[in-house]
Protein chains: 2
Amino acid sequence: MSLIETAAAESGGSLHQRILSDISEKILSGAWAPGHRIPFEHELTAEYNCSRMTVNKALSQLAKAGLIERRRRSGSFVRRPQSQAAVLEIHDIRIEVEALGLLYRYERLARLKRRSSAEDRALLELTAAGPVLALECLHFAGQRPFAHEQRLINLTAVAEAGEEEFLEIAPGPWLIGRVPWSEAEHRIRAIAADQHIADALDIEPGAPCLVVERRTWSAEHPVTHVRFTYAAESHTLVARFKPSQG
Amino acid sequence: MSLIETAAAESGGSLHQRILSDISEKILSGAWAPGHRIPFEHELTAEYNCSRMTVNKALSQLAKAGLIERRRRSGSFVRRPQSQAAVLEIHDIRIEVEALGLLYRYERLARLKRRSSAEDRALLELTAAGPVLALECLHFAGQRPFAHEQRLINLTAVAEAGEEEFLEIAPGPWLIGRVPWSEAEHRIRAIAADQHIADALDIEPGAPCLVVERRTWSAEHPVTHVRFTYAAESHTLVARFKPSQG
DNA sequence: ATGGCTATTATGTATATACATATTGAAACG
DNA sequence: CGTTTCAATATGTATATACATAATAGCCAT
């Protein structure tokens, strides 16, 4: 069966876009693991019955996005997910807590696999329905709850997350070790704690909290949406910039 | 004189890369302002003496990167910078307010020139005493107060700020137009409004607020420290990242 | 005027082709 | 046996060409 028949999902209709999203789906689903050699340009040319330039355009973009690595004479290979530098850019609660000199502890409160609701699709910016994993977790600093985490994982993009219980490892580090991210969006705001959050963080209802929501994409595919809620006294976000160019 | 002779900077040697970096340099330097129509593909084809495909590859990448916007039949245009968007979005309050479709109004509450106190020096990370300008301002969206601003300007670094009253123009845009920044640090947190902030923003004392503090340096010199306070319901910070690794 | 048709224009996508370049495996040589 | 050389291979870049598509300007007829 050719790739053409199983063809892609959404994407802007053009052939090189379809090739691109076919391949990135294979990578993100885990069907093609890191290190896997993806078909040569001339093979894809045959698969899709198109010119090499068209295939090349798709593969060049994948390389630019960091999903694959291309080597002359050898072929193109699925890359290992992003480096540590990028990991630091996405803040890791364990590291924050340990930087404070406190003992870190993680607890999973709830886990539910379900078909995406309309709300789920809005949060993940998904167009089509599909399986998602909903998680609720708590992160502790010493004895005190430090952050509450509410997370959705798009199982269409990261199928193997459906098999993980997340009892021992938090979903953040788990995902970072597996899925290369190509883009992230943060939304940051202040809220008054509702009863649920107040109970979880052991604070008064109505107390101010910092909410950080993050959406992550990998090569155009929504991967996860997470909302961290911190009690006001417990946390300050720090970000240092230099003016960027290019 | 052709672009070829003034040609590009660094970049990987290939022609489309050079075209790309020539153009992005024009844009980032401000030589081509937002809205400026960049040369048509066929003009660049002539400039660089290459095929349209080569020019197209460069322009397509620029469009994908968000630096330009392409419109059929009309040409390609410089977009309002997005790479700085994360920073500007945070700090040009006028733009934020107008993006909400509301009327922006600015008001200076207080202005005081003084020798830096110990607290001032801590906020600015100054080692030696010297003159500073302390400002307190309000930004309105429509009828409602939107953000409260408390600012220190290091007059040793920006002497001419001492002559400015800041009655008509807010210190943020004034500084941006004069002082190039080389580094900035943000601290973001949630607080409960104290009486002073509650009065200024017309909210209840104890209501949650988002606080964004920003320190800016220009060539190692501390320039300014500013604290913005937003009522919780009025504001969400948005920041989009791509991983920095190549 | 006004609505609709058509020609023009710039971009969007794709093809076939060509040559350059890096890398590898194997053959040729000392 | 080790080294050099060479040919094969996959990607990298560029060309000339073609047709599709979207937006606009101008024209025409009502």
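In which strand of chain B is B:Leu237 found? B:Leu237 belongs to strand 10 (residues 237–241) of chain B.

## Basis of the model

This is a predicted model, in which local features need pLDDT of at least 70, side-chain atom pairs count only at pLDDT 80 or more, and totals for chains, interfaces and linings use all residues. Residues are numbered from 1 along each chain as its sequence is written, chains are lettered from A and ligands numbered from 1 in the order in which they are written, and side-chain values use heavy atoms, with hydrogens and water left out.

## B:Leu237

B:Leu237 counts as buried (under 20% relative accessible area, with a 1.4 Å probe and protein chains only), because its relative accessibility is 4%. The C-alpha atom of B:Leu237 is separated by 9.8 Å from that of B:Ile188, which is 49 residues away along the chain. Helices (H or I, at least four residues) and strands (E, at least two) are DSSP runs, numbered from the N terminus.

A residue is near a strand if one of its heavy atoms lies within 4 Å of it. Around DNA strand C there are 22 residues, of which A:Leu15, A:His16, A:Thr54, A:Arg73 and B:Arg70 come nearest. Of the atoms of DNA strand C that come within 4 Å of the protein, 65% belong to sugar and phosphate.

Phosphate oxygens of DNA strand C lie 2.7 Å from a polar side-chain atom of A:Ser51 and 2.5 Å from a side-chain N or O atom of B:Arg70. A base oxygen of DNA strand C lies 3.2 Å from a polar side-chain atom of A:Arg72.

## Surface near DNA strand D

DNA strand D is surrounded by 22 residues, and the closest are A:Arg70, B:Leu15, B:His16, B:Thr54 and B:Arg73. Sugar and phosphate make up 65% of the atoms of DNA strand D that come within 4 Å of the protein. By class, the residues of this surface divide into 5 nonpolar, 8 polar and 9 charged.

A backbone N or O atom of A:Glu41 is 3.1 Å from a phosphate oxygen of DNA strand D. The side chain of A:Arg72 places a polar atom 2.9 Å from a sugar or linking oxygen of DNA strand D, and a side-chain N or O atom of B:Arg72 lies 3.2 Å from a base oxygen of DNA strand D.

How values were computed:
A polar contact is a pair of N or O atoms within 3.5 Å; within protein, one must be able to donate a hydrogen and the other to accept it, and residues adjacent in sequence count only if both atoms are side-chain atoms. Ala, Val, Leu, Ile, Met, Phe, Trp, Tyr, Cys and Pro count as nonpolar, Asp, Glu, Lys and Arg as charged, and the others, Gly among them, as polar. Buried means under 20% relative accessible area, exposed over 50%, partly exposed in between (1.4 Å probe, protein chains only).
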